[in-house]
Amino acid sequence: MTAELVSHDPATGTEVWRRAISDVDHEVEIGRRAWPEWAAKPLTFRTETMRRFADRVKAEAETLATLISRETGKPLWEARTEVESVANKVDISINAYSERTSNRRIEGAMGLRNAVRHKPHGLLAVLGPYNFPAHLPGGHIVPALIAGNSVAFKPSEKTPATGAMLVDLFQAAGVPKEVLRLVIGGPDEGKALAGHPGIDGLLFTGSARTGLALNRQFANRPDKILALEMGGNNPVVVWDTPDLHTAAILVVQSAFLSAGQRCTNARRLIVRESMADRLVDEVRRLANRLIVDEPFAAPAPYMGPVIDNEAADGLTESFLILMSNGGHVVRHMTRPVRDRPFLTPGIIDVTDMAERPDIELFGPLLQVVRVDSFEAAIAEANNTSFGLSAALIGGSPQLYDQFWANARAGVINWNRPTNGASSAAPFGGIGLSGNHRPSAFYAADYCAYPVASSECEATRGSIGVGLRDIDKDSEPLPLVRDKR
Ligand code: UN1
């Protein structure tokens, strides 16, 4: 019997999909053979194929959104916004390709042509996450295909059906099936794909733990491109603002959107002591009103479940650990449905904790830290080895300047949530959040490499100095003088 991968609906526990585990060697072999022909096609052929993909996504939008909701548990309204992002990625990536990695001619003397052009790496492996199972892999796949690479895509083992549908949509749009290979499997297949000598690079979105393991796996392969998009332990700082309610809305969106399962979600609320009681109370009251329910429920929920029971157990345990290490509970994170991974938003004040863990708690869990100066707020915001996103709510233009200059993150916002980063901007972080290969608009950069060429139509050449006269051609060369 062949081994199978099965995915489940987090909200109900029912089976969504099953399929045989892929043979990684076989998929790599096919993908590897296919890329030169794809790369040799005119760029417009590839971009038009991508535009047809966007049309296919729009035509199947409701089916895709429903599948995303079933497989991740995210509310249907949110899955619809994900599908929109998938389609929008195409035009953005086409623009990014031409802006970041297009051909450039540099004028040379006397008909000499100096050119900068870009070539694809070959076969790129893409390892996708479960939180945006279509949008984030699409953010690697679309630019990789535009640049002329072939792709072996392994969706998260928690969201393989969405991955499979994404691949079907690409193929329906005209991407040859050899050029985009679906690799179904779990961590073993992920490791096998990442370590396969037949790939030319790996584009990864997921946890820091897996990213670091991949980085080690690639330590001896500087010849292969590795792009890591990892997590964060993101701060949202709230400073002087008369409008506590709006501030609370922005904090809640930062912390609890997608049930806290975005890499850009705020994990830490850093707030001025003098306003902390009032703000935290406002956040708590708003969090009380958030509907946690199944993705298709009416009225529509703000949050669905987290991805599975194991994730929910881990988060519950983390909450208890924070509690027993000096955290003061503002709002309990509860598990309203037995045996299902629904979690209500948890808020805990960790100001008095001697040592706060610097880990990404990937769920609806917000830690509060009170500080009494803006310098302390910035120091606390930077008190992490991650550096993905950071936001300041309130303050003044001067304080925002200070925040922007000193906060260490790849996304820095003012009076906006920490999440919801634009696909039209580069997206990535510093520290443990990545390896300086930002995605989204800058994904073009890691999908192709530059080739500098100096070119001339005619075979011309001359040596201006250091030549003996032509008639002395036959004389023996003088001995090289001994310089010692
Ligand atoms: C987020 O919204 O929190 O296209 C993630 C991208 C980014 C992802 C943002 N806009 O890769």
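Which residues line the largest cavity?

1. The model is a predicted one. The residues that line the largest cavity are Thr72, Gly73, Lys74, Pro75, Glu78, Tyr130, Asn131, Ser258, Ala259, Gln261, Gly304 and Pro305. The volume of this cavity is about 80 Å³. By class, its lining comprises six polar, four nonpolar and two charged residues. Both domain 1 (4-230 + 434-453) and domain 2 (234-421) contribute, each giving at least three residues to the lining of the largest cavity.

2. The lining of the second largest cavity divides by class into seven nonpolar, six polar and one charged residues.

3. Turning to the open spaces, the largest pocket has a volume of about 1400 Å³. Its lining is made up of 45 residues, and those nearest its centre are Tyr130, Lys158, Ser207, Arg209 and Thr210. Tyr130 is also listed in the lining of the largest cavity.

4. Which element supplies the largest share of the lining of the largest pocket? That element is helix 8, with six residues. Helix 7 (187-194), strand 8 (201-205), helix 8 (208-217) and helix 11 (309-324) each provide at least two residues of this lining. The class count for the largest pocket is 21 nonpolar, 14 polar and 10 charged residues. At least three lining residues come from each of domain 1 and domain 2.

5. The second largest pocket has a volume of about 560 Å³. Among its 29 lining residues, Phe132, Arg262, Asn419, Gly420 and Ala421 lie nearest its centre. Helix 4 (76-101) provides the largest share of the lining, six residues, and helix 5 (135-146) and strand 18 (439-440) each supply at least two. By class, the lining of the second largest pocket has 13 polar, 10 nonpolar and six charged residues. Domain 1 and domain 2 each give at least three residues to this lining.

6. The residues around the ligand are Lys89, His135, Leu136, Arg262, Thr264, Asn419, Gly420, Ala421, Ser422, Ser423, Phe427 and Ala440. Arg262, Asn419, Gly420 and Ala421, which are included in that list, are also among the residues nearest the centre of the second largest pocket.

7. A polar side-chain atom of Lys89 is 2.8 Å from an oxygen atom of the ligand, and a polar side-chain atom of Ser423 is 3.1 Å from an oxygen atom of the ligand. For Ala421, a backbone N or O atom lies 2.7 Å from a nitrogen atom of the ligand. Taken alone, the ligand exposes 320 Å², and the protein buries 96% of that area.

Definitions and conventions
Residues are numbered from 1 along each chain as its sequence is written. This is a predicted model: local features need pLDDT of at least 70, side-chain atom pairs count only at pLDDT 80 or more; totals for chains, interfaces and linings use all residues. Side-chain values use heavy atoms; hydrogens and water are left out. On a 1 Å grid over the protein atoms alone, a cavity is a set of points where a 1.4 Å probe fits but cannot get out, and a pocket is an open set with protein on both sides within 12 Å along at least five of seven lines; lining residues have an atom within 4 Å of a point. Grid points are joined across faces, edges and corners, and a volume is the space filled by probe spheres set on the points. Ala, Val, Leu, Ile, Met, Phe, Trp, Tyr, Cys and Pro count as nonpolar, Asp, Glu, Lys and Arg as charged, and the others, Gly among them, as polar. Domain bounds come from an automatic or database domain assignment. A residue is near a molecule or strand if one of its heavy atoms lies within 4 Å of it. A polar contact is a pair of N or O atoms within 3.5 Å; within protein, one must be able to donate a hydrogen and the other to accept it, and residues adjacent in sequence count only if both atoms are side-chain atoms. Accessible areas come from the Shrake-Rupley method with a 1.4 Å probe; for residues, only the protein chains shown count as cover. Helices (H or I, at least four residues) and strands (E, at least two) are DSSP runs, numbered from the N terminus.
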